[in-house]
Amino acid sequence: MTAARAEDVRWMRRALRLAERGFTPPNPMVGCVLVKAGEVVGEGFHPRAGAPHAEVFALRAAGERARGATAYVSLEPCCHYGRTPPCVNALIEARVARVVAAVADPNPQVCGRGLALLRAAGIAAEVGVLEEEARRLNAAFFHFQKTRRPYITLKAAMTLDGKIATRTGDSRWITGEAARRYVHRLRAQSGAVLCGVGTALADDPMLTARLKPDPPRQPLRIVLDPSLRLPLTAKLVATADQFPTLLVTSAKADPAKAENLHKYGVDILYTETDTNGELVLESLLAELGRREIISILVEGGGNTHAALLAGRYAHRLLWFIAPKLIGGRSAPTPMEGEGAERMADAMALTPFHVRRFGSDILLETFPIE
């Protein structure tokens, strides 16, 4: 690797780390570092949808020092008016000398046009530094731009013997504080958090992102509830006036129950059901795509996970494993449903990426298409 290339990698890696700090759905996470004479003169990241983009924060920090600098951006600068003005214009007006983007923006309104406009203005512009890392960071955004469907991550916390709760249903807490804090960050960075009504009844969760300081956004909370079994006393219902909450149900659900839930601020979405009365996930995901939900963090239970995997809707699995043993034939597991009949029918996964959170282990893997 040449010295110049090594410098580009160094600063782009810094831009990617900055990007990770954002809570941006339905926008991508973007970081920007302005470098002049080997020194950082300004940097920034996109904090949330509707706020200025990373390039604007970096240019503000740099001021006059931005002139002649190189801008390292984790995604091609935008060239269209959305919630904010085009970043390409800001870079041109600041008279930067060079722009290095990790990857082209998949949005058809941008996709190469941002770089072309920079070049037309006499600014050297290139793309492809740490492209794989940049695509992985914004996997949900890239998937949504291609399919108009949410990118789905299944998350579970289990003991070493594969249990997500005891035989009595007690599940607090399987993992330690560090792992739980990471999950709250994942929630805040997801378009929605989803669970089945069985999990909602058993755990009475909030499904909110609880961080310090408070994150700038909360995800949409979604419960799959074909028969509207969720009681008015549930925390999800009691807090629906504070946090966006969506119950997905059947057209055959009791309208009186739906009306009562709606009075508490719960949004009701009626969707198709199959011959077994189960919700048709394809219809649901299409509607969530129309609502610009680009990513969903699914937090159970085992039947919901199984249904999403069986339908080939899940894109990533995050399995936390705690060094504990519960035992019990009736204790629930992260994957229920009918299951495979033979080992030859088992779903193949890509090799694991492993991270440590205190004494807990996180395994990240992806279903093989």
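Predicted model: local features only at pLDDT ≥ 70, side-chain atom pairs only at ≥ 80, totals over all residues.

Reader: Which residues have a positive phi although they're not glycine?

Author: Alanine 37 is one, with a phi of about 55°. Aspartate 204 is another, at about 45°. In general, most residues other than glycine have a negative phi, and most peptide bonds are trans.

Reader: Where does alanine 37 lie, and is it buried or exposed?

Author: Alanine 37 is in the loop between strand S1 (31-36) and strand S2 (39-45). Its relative accessibility is 80%, so alanine 37 counts as exposed.

Reader: Which peptide bonds are cis?

Author: The bond from arginine 172 to tryptophan 173 is cis, with omega near -10°. Tryptophan 173 sits in the loop between strand S6 (151-159) and H7. A cis peptide bond also joins glycine 300 and glycine 301, where omega is about 0°. Glycine 301 is found in the loop between strand S11 (295-298) and helix H12 (302-310).

Reader: Switching to rings. How many aromatic pairs does the structure hold?

Author: Four. Take phenylalanine 141 and phenylalanine 142: their ring centres are 6.5 Å apart and the planes stand at 90°, so the pair is edge-to-face. Phenylalanine 141 is buried at a relative accessible area of 6%, and phenylalanine 142 is buried too, at 14%.

Reader: What about tyrosine 182 and phenylalanine 320?

Author: They also form an edge-to-face pair, 6.4 Å centre to centre with 65° between the planes. Tyrosine 182 lies in helix H7 (residues 177-188) and phenylalanine 320 in strand S12, so the pair ties together parts that are 138 residues apart in sequence. Both tyrosine 182 and phenylalanine 320 are buried.

Reader: Which aromatic cluster do they belong to?

Author: One made up of Tyr182, Phe320 and Phe357. There's a charge at tyrosine 182 as well: the charged end of arginine 355 sits over its ring, 4.9 Å from the centre.

Reader: Where else does an arginine's charged end sit over a ring?

Author: At phenylalanine 57, where the charged end of arginine 60 is 5.7 Å from the ring centre.

Reader: Back to helix H7 then. Is arginine 187 buried or exposed?

Author: Arginine 187, which is in H7, counts as buried because its relative accessibility is 9%. A polar atom of its side chain lies 2.7 Å from the backbone oxygen of threonine 208.

Reader: OK, salt bridges. How many does the count come to?

Author: The count comes to 16 salt bridges. One of them joins arginine 136 and glutamate 132, at 3.6 Å from N to O. These two are four residues apart in helix H5 (residues 131-137), so about one helical turn separates them. Arginine 136 is partly exposed, at 47%, while glutamate 132 is exposed, at 58%.

Reader: What does glutamate 364 form a salt bridge with?

Author: With arginine 316, the closest N and O atoms being 3.2 Å apart. Glutamate 364 lies in strand S14 (residues 360-365) and arginine 316 in strand S12, so this pair ties together parts 48 residues apart in sequence. Glutamate 364 is buried, with a relative accessible area of 18%, and arginine 316 is buried as well, with 18%. Elsewhere, salt bridges that share partners join Asp267, Glu287, Arg290 and Arg291 into one network.

Reader: Last one: which residues form a nonpolar patch on the surface?

Author: Met347, Leu349, Phe352, Val354 and Ile361, with about 400 Å² of accessible area together. Phenylalanine 352 is in the loop between strand S12 (316-322) and strand S13 (353-357), and is partly exposed at 46% relative accessible area.

Notes
Residues numbered from 1 in each chain as written. Heavy atoms only, no water. Patch = residues over 30% accessible without salt bridge, like charges linked within 9 Å, V, L, I, M, F, W, Y side chains within 5 Å. Areas by Shrake-Rupley, 256 points an atom, 1.4 Å probe, with all protein chains shown as cover. Salt bridge = Lys/Arg side-chain N within 4 Å of Asp/Glu carboxyl O. Buried < 20%, exposed > 50% of the residue type's maximum accessible area, 1.4 Å probe, protein only. Phe/Tyr/Trp six-rings, centres within 6.5 Å; stacked < 30°, edge-to-face > 60°. Lys NZ or Arg CZ within 6 Å of the ring centre and 35° of its normal. Polar contact = N/O pair within 3.5 Å; in protein donor to acceptor, adjacent residues only side chain to side chain.
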